[in-house]
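Here are my notes on this one, jotted down as numbered points. Have the structure open next to you while you read.

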Amino acid sequence: MRYISTRGAAPDLTFSEAMMTGLARDGGLYVPETVPVLSRAEIAGMAGLPYEEVAFRVMAPFLGDTFAEAAFRGLIAQAYQSFGHAARAPLVQLGANHFLLELFHGPTLAFKDFAMQLIGQMMQAVLARSGARITIVGATSGDTGSAAMEAFRGLSNVDLFILYPHGRVSEVQRRQMTTPVEANVHAIAMDGDFDDCQARVKDMFNDLAFRDEVRLAGVNSINWARVLAQVVYYFSSAISLGAPHRPVSFTVPTGNFGDIFAGYIARAMGLPIAQLVIATNQNDILDRALRTGDYVTDGVKPSISPSMDIQVSSNFERVLFDAYGRDGAAVAALMGELKAGGFHISQGALQMLRASFASGRCSEDETRATIARTYAATGELLCPHGAVGVKVAQAHLGPVPMITLATAHPAKFPDAVAAAMGERPALPPRMADLFQRPERVTRAANDLGALQALVRGRIAG
Ligand SMILES: *Cc1c(COP(=O)(O)O)cnc(C)c1O
């Protein structure tokens with residue numbers, strides 16, 4: 001299995017090379033050259049298996065000879081043992097044909113743990129073979145950073161730097177990033193919004209001399225290994241509702257397009273998915289792009305679902321690559337236009353995108369109302385991101401079962417939840433002392449040179 005860049009001008013890589021590299025050297029994202037297809041019998045054969053075994057069967061075809069079978073099974077077991085629910089990703093029924101996939105039982109209470117815990121294990125296993133040391137720099141709107149800190153703290157061959165937008169993450173998210181005591185993890189509060197943080201990380205990757213000097217690796221959702229880990233719960237949940245014999249639909253609260261792109265891959269692998277619905281908050285660039293054909297950025301509006309406050313939706317590049325017939329030069333040209341504010345999607349590409357995805361947007365008021373209404377009707381307490389999903393899903397319910405992804409635990413966003421329904425959700429007991437732990441954080445300007453100096457200084461010391 002080889003991995004190719006969406007911009008067509010970087011070397012092909014193996015799975016482990018693509019995982020350790022993150023962003024391709026031409027600025028593109030790695031995608032598998034071909035997506036392996038599972039037969040109906042293979043999919044049916046996963047019914048009733050533990051999450052870890054489904055994970056093994058779904059991911060193994062993408063890994064080539066990266067790990068021996070038993071070793072890979074061991075890494076998967078290690079990755080999910082800290083989850084607070086035996087099913088790992090349990091389904092809850094909300095209505096006649098509407099289900100919620102609870103993806104918030106990991107150590108930092110958001111779906112990012114599914115990928116981050118596994119990528120931490122896989123990277124450590126690859127580095128242990130060579131004894132090499134790497135520097136990981138990532139940008140976060142809140143949840144990626146906390147999940148990465150939790151997955152990488154204390155690993156001997158990795159320094160981790162997480163850039164988050166100062167003042168724009170929830171207190172629980174911030175504390176999850178600033179309270180780990182291990183010296184190899186560094187929380188950086190940067191001036192600006194998430195797109196600024198993400199842009200500086202991309203700048204560091206595109207500075208090839210710096211990239212080689214510090215042995216830079218990425219764990220943002222641009223990393224293919226993260227997308228792959230997320231494909232698994234599309235299979236586990238669909239199969240528990242009757243796939244492959246019955247199709248299912250999914251609604252996915254979307255920011256950087258990583259999670260829903262994993263659903264797109266699951267469908268390409270043969271999972272019968274009817275609708276894949278993109279759910280956005282008031283930062284609705286993806287919904288607008290699908291409706292109008294124009295992908296135009298217009299400034300991030302901070303919302304009560306901050307992990308989706310994104311305008312430059314990185315993983316969208318991966319689906320554009322397919323929509324443009326895998327023409328890397330065409331994708332590179334679009335991304336050049338995006339730097340100047342936006343681009344127009346060609347008629348053929350737009351047709352492909354509309355055939356693959358539905359979309360909807362949810363306002364701030366609708367988000368709060370959905371939290372209150374869902375709690376009153378079902379007893380299920382949604383976080384604001386899950387609420388965006390549930391609201392958008394309601395417009396797409398039909399005879400096919402709909403699974404909405406609940407991407408974070410309500411206790412991760414207690415202020416927004418309390419404002420919506422009057423009750424402050426409590427942290428699970430295993431995290432109850434989060435507010436007592438001392439914080440450790442570095443403030444930084446939105447300045448590439450200063451950030452690079454900070455990274456150099458820390459890894460030298
Ligand atoms: C990251 C995140 C999202 C958005 O996921 P993408 O893969 O970036 O689309 C949604 N909800 C929560 C809680 C998140 O942490």
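1. Let's begin with a contact inside the protein. A polar atom in the side chain of Asn223 lies 2.8 Å from the backbone oxygen of Met19. I call that a polar contact: a pair of N or O atoms within 3.5 Å, where within protein one must be able to donate a hydrogen and the other to accept it, and residues adjacent in sequence count only if both atoms are side-chain atoms. Asn223 itself sits in the loop between β8 (216–217) and α10 (224–240); helices (H or I, at least four residues) and strands (E, at least two) are DSSP runs numbered from the N terminus. Asn223 counts as buried because its relative accessibility is 0%, buried being under 20% relative accessible area, exposed over 50% and partly exposed in between (1.4 Å probe, protein chains only).

2. Some housekeeping before going on. This is a predicted model, in which local features need pLDDT of at least 70, side-chain atom pairs count only at pLDDT 80 or more, and totals for chains, interfaces and linings use all residues. Residues are numbered from 1 along each chain as its sequence is written, and side-chain values use heavy atoms, with hydrogens and water left out.

3. Now the ligand. Which residues come nearest to the ligand? Of the 15 around it, they are Lys112, Asp143, Gly255, Asn256 and Thr407 (around meaning a heavy atom within 4 Å). The shell splits into five nonpolar, seven polar and three charged residues; here Ala, Val, Leu, Ile, Met, Phe, Trp, Tyr, Cys and Pro count as nonpolar, Asp, Glu, Lys and Arg as charged, and the others, Gly among them, as polar.

4. On to the ligand's oxygen atoms. A polar side-chain atom of Lys112 is 2.5 Å from one oxygen atom of the ligand. From the backbone, an N or O atom of Gly255 lies 2.8 Å from a ligand oxygen, and one of Gly258 lies 3.2 Å from a ligand oxygen. The protein buries 97% of the 380 Å² that the ligand exposes when taken alone (Shrake-Rupley, 1.4 Å probe).

5. Gly258 also belongs to helix α11 (residues 258–268), which is mostly covered, with nine of its eleven residues buried. Among them are Asp259, Phe261 and Tyr264. Just after α11, Gly270 has a positive phi of about 115 degrees.

6. Last, Ala349 in helix α15 (residues 347–356). Ala349 is buried, at 1% relative accessible area.
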